[in-house]
Amino acid sequence: MPKIKIKYYTLIYFFIIFLSSGIVNTICAVFAIILHESGHIFLLNLSGSKINSITLYPQGADIQKKHDLNSYGVDIAVAASGPLLNLITALLLYIPAKNYEVLNVFFIYNIIYAVFNLLPVKGLDGGHVLESFLLLKTENHIADYIMKAAAVLIIIPLWIVSVYLLLFFPENTNPTLFLLCLFLFASVFLN
């Protein structure tokens, strides 16, 4: 059984969602993340990898394998499996979500986590896919430079949009995107 850890700021993140959006949004966000991470875990188990630990973060989880012997192709498939499961779930919920508010909220969180996690930023699944692809084609230091450049080009505009939404549409916006951008920026540049 893998060791499961939850970072304190993950709890703060979900508490802020609860305060700004209520219990339904919080529960739907948590279940969308659990579903997302289940996709990764399922494919890791299918590939024969043994999981050592799972650390929960606001944008998902860091799943540490006991042995890092997978090929880049398997790593890319595992990284893509979480967003893919969110998208499949959203597709299955598309029609029923129109009639039930809770399903609509869960549908939206699945879309959000799939799209957000596909961004090519280190710490997200899209970043893992891009990094694995770059490591197939180039040296570590070049791949690292490209990953940091991609992070700047993506995180800063998203952060600006989040600040704009919070300032000019506060009644219709929660601070989730703002907090995720801050977390991603810190995880990419303060490591």
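# Briefing: cores, helices, salt bridges and a surface patch

The largest nonpolar core has 25 residues, and Phe14, Tyr109, Tyr113, Val121 and Ile155 touch the most other members. Helix 1, helix 2, helix 3, helix 4, helix 6 and helix 7 (176-189) each give two or more residues to this core. Helix 4 gives the most, with six residues. The model is predicted. The structure also holds four salt bridges, and a nonpolar patch lies on the surface.

**Cores**

- Isoleucine 155 is one of the core residues that touch the most other members. Leaving out residues up to four places away in sequence, isoleucine 155 touches Val121, Cys181, Leu184, Phe185 and Val188.
- Another core lies apart from the largest one. This other core has five residues, among them Ile51, Ile54, Ile63 and Val78.

**Helix 4**

- Helix 4 (101-117) has 17 residues. From first C-alpha to last, helix 4 reaches 24 Å, close to the 24 Å expected at 1.5 Å a residue.
- The buried residues of helix 4 are Val105, Phe106, Phe107, Tyr109, Asn110, Tyr113, Ala114, Phe116 and Asn117. Of these, Tyr109 and Tyr113 are also among the core residues that touch the most other members.
- An α-helix has 3.6 residues a turn, so residues three or four places apart point the same way.
- The buried residues of helix 4 pack against helix 1, helix 2, helix 3, helix 5, helix 6 and helix 7.
- Asparagine 117 belongs to helix 4. Asparagine 117 counts as buried because its relative accessible area is 3%, and the cut-off for buried is under 20%.
- With residues up to four places away in sequence not counted, asparagine 117 touches His36, Gln59, Pro83, Leu124, Asp125 and Gly126. Asp125 and Gly126 are buried residues of helix 5.

**Helix 5**

- Helix 5 covers residues 125-137, which makes 13 residues. Its reach from first C-alpha to last is 19 Å, close to the 18 Å expected at 1.5 Å a residue.
- Buried in helix 5 are Asp125, Gly126, Gly127, Glu131, Ser132 and Leu134.
- These buried residues pack against helix 2, helix 3 (72-93), helix 4 and helix 6 (140-168).

**Salt bridges**

- Lysine 122 and glutamate 131 join their side chains in a salt bridge, at 3.0 Å from N to O. Glutamate 131 is one of the buried residues of helix 5. Lysine 122 counts as partly exposed because its relative accessibility is 31%.
- Lysine 122 also forms a salt bridge with aspartate 144, with the closest N and O atoms 3.9 Å apart. Lysine 122 sits in the loop between helix 4 and helix 5, and aspartate 144 in helix 6, so this pair ties together parts that are 22 residues apart in sequence. Aspartate 144 is partly exposed because its relative accessible area is 31%.
- The side chains of lysine 65 and aspartate 75 meet in another salt bridge, at 3.2 Å from N to O. Lysine 65 is in strand 3 (residues 60-65) and aspartate 75 in helix 3, so the pair ties together parts that are ten residues apart in sequence. Aspartate 75 counts as buried because its relative accessibility is 10%.

**Surface patch**

- Phe15, Phe18, Leu19, Ile23, Val24, Ile27, Phe31, Ile34 and Val102 form the nonpolar patch. Their accessible area together is about 840 Å².
- Helix 1 (8-21) and helix 2 (23-46) each supply at least two patch residues. Helix 2 gives the most, with five residues.
- Phenylalanine 18 is a patch residue that lies in helix 1. Phenylalanine 18 counts as partly exposed because its relative accessibility is 35%.

**Tyrosine 9**

- Tyrosine 9 is in helix 1. Tyrosine 9 is partly exposed because its relative accessible area is 27%.
- Its contacts beyond four places in sequence are with Tyr57, Pro58 and Phe183.
- Tyrosine 9 and proline 58 are 49 residues apart along the chain, yet their C-alpha atoms are separated by 7.5 Å.

Note on methods
Residues are numbered from 1 along each chain as its sequence is written. This is a predicted model: local features need pLDDT of at least 70, side-chain atom pairs count only at pLDDT 80 or more; totals for chains, interfaces and linings use all residues. Side-chain values use heavy atoms; hydrogens and water are left out. Patches are made of residues with over 30% relative accessible area and no salt bridge: like charges are joined within 9 Å, nonpolar side chains (Val, Leu, Ile, Met, Phe, Trp, Tyr) within 5 Å. Accessible areas come from the Shrake-Rupley method with a 1.4 Å probe; for residues, only the protein chains shown count as cover. Helices (H or I, at least four residues) and strands (E, at least two) are DSSP runs, numbered from the N terminus. Buried means under 20% relative accessible area, exposed over 50%, partly exposed in between (1.4 Å probe, protein chains only). The expected span of a helix is 1.5 Å times one less than its number of residues. Contact means heavy atoms within 4.5 Å. A nonpolar core is a set of buried Ala, Val, Leu, Ile, Met, Phe, Trp, Tyr and Cys residues joined through side-chain atoms within 4.5 Å.
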